[in-house]
Amino acid sequence: MRTIAHTLTVLTLGIALASSSARAQHETAFDIEDGARAFAQSCANCHGPDGDLIAGIDLGRGLYRRPLSDAEIADIIVNGIPDTPMPPTPRMNEQQAYRIVAYLRSLEIAPAAVADSGNAARGKLIFEGKGACMDCHRVNGQGSRVGPDLSSIGLLRRAAELEQSLLEPAAEVQPSNRFYSVTPAGSEPITGRLLNHDTFTVQLFDTDERLRSFVKADLLDHGFVDTPMPSFQDELGAQEIADVVAWLVSLRGTP
Amino acid sequence: MKSRIRRLGAIVTLFGLSATAQVHAQVSFERLLNAEREPENWLSYSGTLSNHRYSLLDRITTANVENLRLQWVWQARSLEKFEATPLVVDGILYTVQAPNDIVALDAATGRIFWTFAYEPSPDARTCCGRVNRGVAILGDTLFMGTIDAHMLAIDARSGQLIWKTKVAEAAERYSITMVPLVVGDKVMIGTAGGDMGIRGFVAAYDVKTGDEVWRFHTIPAPGEFGNDTWSGDSWMTGGAAVWNAGAYDPETNLVFFGTGNPAPDWDGRSRLGDNLYSNCVIALDADTGELKWYYQFTPHDELDYDATQVPVLADIDWRGEPRKVMLWANRNGLMYVLDRVTGEFLYGKPYVALNWMDGFDEQGRPQRVPGMVPTPEGTLIRPHVHGAINWAPPSFSPRTGLYYVAHWENSGIIVVEGQSPRPIGINRRQTTMGQVNLQPFFNNDEEAYGVVRAYDPDTLDPVWEFRMGDITWGGVLSTAGDVVFSGGKEGYFFALDARSGELLWRASLGGQVNSGPMSYAIGGRQFIAIAAGSSLFTFALP
């Protein structure tokens, strides 16, 4: 009996010592669920329910101001970041913090699993050929800048979201991908991707790939327009869509 | 020759010192009570203890405001939001460098006299930024609450600490972000932490010693009236924090404070009942802290509708009768006129899109719309969890008789039982908290937007509106030149015609406006000050 207890202690210690980097992967479903609850209670008020409410940070997709290990994230959860609005959470212990990390990491790894049915290599060929996607989009320095740069889209969107964008592009346009049209006096309407706007001005990336800024009061007309992204519902078959999705999911930043 | 110059210099210096000493006369309570008699100064958070945030200075008018020019900028060493409104006393400007440093500047040039540096305890916890909304003054002493829940008294001439009193335990999640309120020989303060399960209170301290004089708990203890509005032991951690500026009425000797939401914020199942005195305005005897009356804006709140807005006290002809009223644009989307002597509910109505109530009973209790509560499936509630307004200070102009409020419109949120609220719409940034720097903004017309509106206290109807693209966490200043100043998250600071709302002037300050504007004068020259980003900007006519 004593031997068993001793063995258990050694095992526990061993697990604790080995935990840092691999910890999230070894958490149970319960831990992830618990992490989700703790995230909702302790983090979501500032970071939002999807963890993407603070500019430059998307916790659900593993985007931080700099790459962070599990241990670093857990440390930030407990101790905060000095001189920033990120507060410490002193009543949270390390185990609870790691459960939140496990929950966040579980969100990050979800996309790859969903895209298994497609072939990324075939998808790349369709993307660059039949689909003519590069007429608007750019990947790793190649293609147009008019639409969103997709070089890291695999980090930013999940497979299901990418599939929806291909089939029903107007169903959910990310705010930063909205298109806007302005009509200056004596000019044809100018359309572009909305970069920013406020009460008095609007900033666009126009279809000639120029950064444009306008004072709204000087315009004859201005406003949001539908996305120029076409639907590929009738242009590509189901397997081709899956292939393109697989290609997009594989895009995780410039090598 | 040399010695003569030296002697002259000494005389000038002496004269200068003596003049300074004379000019820097103590800020008596009498001066605070009659602050409108010296509009060149700005002696308390909203200019007067009635919180009008109205300046009698009239050099800047609707006719010349377009000529405003930047005078000086003071950049804080801080990555936090700049929420403080400065004080100006006889040419010296005092403000806070977040979280809890105080600086004294020459109000004419922005050059620095001294800095008081304060390092809060690492135990300090704040829900929404390590911020501070300003200092109070009495005599030669400045008062500031700290994010580690202390009250400090600082020598306004030297910047040295006079006393430091622990208001509450920072480790138990009490913190202070609000401006203190000075009344007579007492300085009053409450704490934040209502979302973290504190038991709220407001306390008064002796201005000379820092000794506590009285403390009023905003959640009654067992045996006290109102404790039975909290089920079980929920009263012990029910929040109801006092975390924004109060007001004082010398005629009744009452101080008024708004109280925050009950905790837990979005799940009322553990705290059944009305949860007094959360989401109330409380009227306390300034000498004793005794509760004289209260009015609860949102009984049993499950939507985080803190009633911590800045109370505005006005003596007006209300519907043909002279009344001593309190005007209140509340976070819950309702605007109120209360009798501030008795607490009587005189009138209230929605001022933004709202769906959680559909009228008042005779006592002014809101009638809930059935089903507009958190549910397992989620319920779309308007306004948003951050409300129609949050803490930003409004303004009242006795000249126009209008109540000016910067707030936001058209916001909503899905509230799921027992969990965090979920913003609706694709743009989940629609009403996020203010930040320091500007962010790209993509909202379309259907999503929430900010406004400055002028309301008629008789009807609570808007007389005019100035609409912004993004929402605003900025306050409002009105002046005797019939100009209204405000700003917002887009980083604009602008001037409107107080009677029509017409845009007269604007400046792009490069950082979000998270503070209330104020005005002062140096040598008869009117200045307007506003904090944006992490800097303080001042403007004046050439």
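This report walks through a predicted model, looking at chain A and its domains and then at some loop residues of chain B.

**Chain A in outline**

Let's start with the overall make-up of chain A. Its secondary structure comes to nine helices and seven strands. Chain A has 255 residues, and 42% of them count as buried. As for how the chain folds back on itself, take the contacts in chain A between residues at least 6 apart in sequence: 56% of these join residues at least 24 apart.

**Where domain 2 meets domain 3**

Five residues from domain 2 of chain A and six residues from domain 3 of chain A take part in the contact. How much area is buried between domain 2 of chain A and domain 3 of chain A? The figure is about 450 Å², and carbon and sulfur atoms give 56% of that area.

On the domain 2 side of chain A, the residues that lose the most area to domain 3 of chain A are Arg145(A), Val146(A) and Pro148(A), which together make up 89% of what that side buries.

Polar links cross this interface too. The rule finds one salt bridge between domain 2 of chain A and domain 3 of chain A. Glu209(A) and Arg145(A) pair their side chains in a salt bridge, at 3.1 Å from N to O. There are also four residue pairs in polar contact across the interface of domain 2 of chain A and domain 3 of chain A, with both residues at pLDDT 80 or more. Sorted by class, the side of domain 2 of chain A that touches domain 3 of chain A has two nonpolar, two polar and one charged residues.

Which residues of helix 4 of chain A are buried? They include Asp70(A), Ile73(A), Ala74(A), Ile76(A), Ile77(A) and Val78(A). In general, an α-helix has 3.6 residues a turn, so residues three or four places apart point the same way. Just after helix 4 of chain A, Gly80(A) takes a positive phi of about 70 degrees.

Further along is Thr89(A), in the loop between helix 4 (70-79) and helix 5 (94-114) of chain A. Is Thr89(A) buried or exposed? With a relative accessible area of 17%, Thr89(A) is buried, because the cut-off for that label is under 20%. Neighbours within four places in sequence aside, Thr89(A) is in contact with Ile77(A), Val78(A) and Arg173(B). That list has two residues that are buried in helix 4 of chain A, Ile77(A) and Val78(A), along with a residue of chain B, Arg173(B). Arg105(A) is another matter: Thr89(A) and Arg105(A) are 16 residues apart in sequence and 20 Å apart in space, C-alpha to C-alpha.

**A buried glutamate in chain B**

Over in chain B, Glu83(B) sits in the loop between strand 2 (69-75) and strand 3 (87-89). Glu83(B) is buried, at a relative accessible area of 4%. What does the side chain of Glu83(B) pair with? A polar contact of 3.0 Å joins it to the side chain of Arg133(B). Not counting residues up to four places away in sequence, Glu83(B) touches Val131(B), Asn132(B), Arg133(B), Trp391(B), Asn514(B) and Ser515(B).

| Site | Backbone feature | Loop in chain B |
|---|---|---|
| Leu276(B) to Tyr277(B) | cis, omega near -5 degrees | Tyr277(B): between strand 16 (254-258) and strand 17 (280-285) |
| Arg382(B) to Pro383(B) | cis, omega near 0 degrees | Pro383(B): between strand 25 (379-381) and strand 26 (395-397) |
| Ala149(B) | positive phi of about 65 degrees | between strand 8 (141-145) and strand 9 (150-155) |
| Asp482(B) | positive phi of about 60 degrees | between strand 32 (476-479) and strand 33 (483-487) |

Ala149(B) counts as buried, at 0% relative accessibility. Asp482(B) also counts as buried, with 10% relative accessibility.

How values were computed
Residues are numbered from 1 along each chain as its sequence is written. Chains are lettered from A and ligands numbered from 1 in the order in which they are written. Side-chain values use heavy atoms; hydrogens and water are left out. Contact means heavy atoms within 4.5 Å. Buried area is the accessible area (1.4 Å probe) that two parts lose on being put together, summed over both. A salt bridge is a side-chain nitrogen of Lys or Arg within 4 Å of a carboxyl oxygen of Asp or Glu. A polar contact is a pair of N or O atoms within 3.5 Å; within protein, one must be able to donate a hydrogen and the other to accept it, and residues adjacent in sequence count only if both atoms are side-chain atoms. Ala, Val, Leu, Ile, Met, Phe, Trp, Tyr, Cys and Pro count as nonpolar, Asp, Glu, Lys and Arg as charged, and the others, Gly among them, as polar. Helices (H or I, at least four residues) and strands (E, at least two) are DSSP runs, numbered from the N terminus. Buried means under 20% relative accessible area, exposed over 50%, partly exposed in between (1.4 Å probe, protein chains only).
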